[in-house]
Amino acid sequence: MVAITEFQKIGIGLMGFGLFFLLFGAVLYFDSVLLAFGNILFLTGLTFIIGFKRTSHFFFQRHKLRGSFFFLGGVSLVLCRWPIIGMMVESYGFVLLFRSFFPMAVGFLVSAVNVPFLNSLFSSSSSMV
């Protein structure tokens, strides 16, 4: 079992609140204050979870510089109160940063069908069509 430090617990909370504020800001017609607050909390939570050195190493790897530029540029545009353009630029940077993670996530979701409870759930919903 992996031990979770107090800083990592705080980071999980910060990331959770950051995602909440990002979603809430998007629901409220791209409210720039909520989006900016969500971005700051998300990045702070990420730093608390994996540490400052690993966070800077993740964002400034040579093959991820373009994605980091767009992601952090989008965050700065949101902070400058251009929320719609900032979120579009930030989303593009997010896709560039995590493009190697998406196949693994899709593979996990496909393998979730093999879980007995989910398998019966998916098979019963398809028979209703």
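This is a predicted model: local features need pLDDT of at least 70, side-chain atom pairs count only at pLDDT 80 or more; totals for chains, interfaces and linings use all residues.
The structure holds 1 cavity of 30 Å³ or more, and the volume of the largest cavity comes to about 40 Å³. Its lining is made up of F42, L46, F58, F59, F71, F94 and F98, and the elements that give two or more residues to that lining are α2, residues 32-50, and α3, residues 52-59. If we sort the lining of the largest cavity by class, we find 7 nonpolar residues, with no polar and no charged ones.

Now to the open space. The largest pocket has a volume of about 220 Å³, and the residues that line this pocket are L19, L22, L23, A26, N39, F42, F71, M87, E90, S91 and F94. Which classes of residue do we find in the lining of the largest pocket? It has 8 nonpolar, 2 polar and 1 charged residues.

Next, the helix packing, and here I will take two pairs in turn. Helix α1, which covers residues 6-27, packs against α2 at an angle of about 160 degrees, and the axes of the two helices are 7 Å apart. Because an angle over 145 degrees counts as roughly antiparallel, α1 is roughly antiparallel to α2. The crossing of these two helices, α1 and α2, is left-handed, and the residues of their contact divide into 19 nonpolar and 8 polar, with no charged residue.

The second pair is α4, residues 65-79, with α5, and in this case the axes come within 7 Å and cross at roughly 160 degrees. By that reasoning, α4 and α5 are therefore roughly antiparallel to each other, and the crossing in which α4 passes α5 is left-handed.

Finally, a word on the aromatic side chains. The structure holds 10 aromatic pairs, and one of them is formed by F20 and F24, which are stacked, with 5.6 Å from centre to centre and 10 degrees between the planes. How does this pair sit along the chain? F20 and F24 are separated by about one helical turn, because they are 4 residues apart in helix α1.

Conventions
Residues are numbered from 1 along each chain as its sequence is written. Side-chain values use heavy atoms; hydrogens and water are left out. On a 1 Å grid over the protein atoms alone, a cavity is a set of points where a 1.4 Å probe fits but cannot get out, and a pocket is an open set with protein on both sides within 12 Å along at least five of seven lines; lining residues have an atom within 4 Å of a point. Grid points are joined across faces, edges and corners, and a volume is the space filled by probe spheres set on the points. Ala, Val, Leu, Ile, Met, Phe, Trp, Tyr, Cys and Pro count as nonpolar, Asp, Glu, Lys and Arg as charged, and the others, Gly among them, as polar. Axes are lines fitted to C-alpha atoms, for helices over the stretch in contact, and angles run from 0 to 180 degrees between N-to-C directions. Angles under 35 degrees count as roughly parallel, over 145 as roughly antiparallel, 65 to 115 as roughly perpendicular and the rest as oblique. A crossing is left-handed if the near helix is turned anticlockwise from the far one by less than a right angle, and right-handed if clockwise. Rings of Phe, Tyr and Trp (its six-membered ring) pair if their centres lie within 6.5 Å; planes under 30 degrees apart count as stacked, over 60 as edge-to-face and the rest as tilted.
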